[in-house]
Amino acid sequence: MNIQKIFENNKEWVASKLEIDRNYFKNLSKGQNPEFLYIGCSDSRVTAEELMGVKPGEVFVYRNIANMVPNTDLSAMSVISYAVKYLKVKHIVVCGHYYCTGIKAAMHPADMGILNPWLRNVRDVYRLHRSELDIIEDEDSRYKRLIELNVQEQCINVIKTSDVQKAYKERQIK
């Protein structure tokens with residue numbers, strides 16, 4: 001696909017929305033009130049809105065390589081803070097996916113340049129769960145299990161953020 005086709009597709013999309021509702025964009029501009037924050041992978045094969053079956057305004061989306069939530073990532077921490085404090089989201093979804101190339105890259109000791117510090121976070125998940133992962137002989141099964149464990153660890157990272165903990169206490173979430 002070339003860039004010109006992307007612009008054409010966008011024009012067609014705008015026209016199709018206005019055909020159904022001439023106030024579509026005016027209504028969207030009034031603000032957002034999503035119930036969900038979706039934290040997922042940047043992988044081009046996985047889109048949050050399509051995966052969840054939601055419309056614009058129903059989910060606040062944050063994506064990065066391997067759906068990571070390290071407490072040192074100002075972008076992730078800012079998104080969580082904004083979603084929880086200002087948008088008052090009720091749910092946070094951390095979504096990983098099988099055959100994640102970010103996780104795959106972290107499983108191998110290759111030098112990935114600028115990606116090394118980022119992938120170190122996934123390698124830390126491996127280190128934390130080494131005893132479980134190392135007994136899995138089949139590499140594909142070990143890879144899939146690391147993906148699952150990474151999601152679990154990122155959920156823990158979300159829960160440990162001060163904004164989530166404050167919201168939990170203030171909202172009396174059970």
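Reply: Buried means under 20% relative accessible area. Keep in mind that this is a predicted model.

Me: OK. Is S81 buried or exposed, then?

Reply: S81 counts as buried because its relative accessibility is 17%, under the 20% cut-off.

Me: Where does S81 sit, and what does S81 touch?

Reply: S81 is in helix α4, which covers residues 74–86. Leaving out residues up to four places away in sequence, S81 touches Y86 and D163.

Me: Stepping back, how many helices and strands are there?

Reply: The protein chain has 9 helices and 3 strands. Their order along the sequence is α-α-β-α-β-α-β-α-α-α-α-α.

Me: And what does the C-alpha trace span?

Reply: About 60 × 50 × 25 Å along the principal axes. Of the 174 residues in the protein chain, 34% are buried. The protein chain exposes about 11400 Å², with carbon and sulfur atoms supplying 55% of that area.

Me: Which residues have the most contacts inside the largest nonpolar core?

Reply: They are A66, C100, I103, V122 and L146, in a core of 18 residues. Helices α5 (101–106), α6 (116–128) and α8 (139–159) each supply at least two residues of this core. The most come from α6, which gives 5 residues.

Me: What does V122 touch?

Reply: V122 touches A66, M68, I103, A106, L146 and N150, again without residues up to four places away in sequence. Apart from that core lies another one, of 17 residues, including I39, I80, V94 and A167. As background, nonpolar side chains tend to be buried together in soluble globular proteins.

Me: Changing topic: how many disulfides does the structure hold?

Reply: The structure holds 0 disulfides. C100 is in none, and the nearest cysteine sulfur, in C41, is 3.9 Å away. A disulfide needs the two sulfur atoms within 2.5 Å.

Me: Are C95 and C100 buried or exposed?

Reply: C95 counts as buried at 18% relative accessibility. C100 is buried too, with a relative accessible area of 1%.

Me: Last one: how many positive and negative side chains are there?

Reply: There are 25 positive and 22 negative side chains in the protein chain, and the centres of the two sets are 8 Å apart.

Conventions: Residues numbered from 1 in each chain as written. Predicted model: local features only at pLDDT ≥ 70, side-chain atom pairs only at ≥ 80, totals over all residues. Heavy atoms only, no water. Helix = DSSP H or I, 4+ residues; strand = E, 2+ residues; numbered from the N terminus. Buried < 20%, exposed > 50% of the residue type's maximum accessible area, 1.4 Å probe, protein only. Areas by Shrake-Rupley, 256 points an atom, 1.4 Å probe, with all protein chains shown as cover. Lys, Arg positive; Asp, Glu negative; His and termini not counted. Charge placed at Lys NZ, Arg CZ, Asp CG, Glu CD. Contact = heavy atoms within 4.5 Å. Core = buried A, V, L, I, M, F, W, Y, C linked by side-chain atoms within 4.5 Å.
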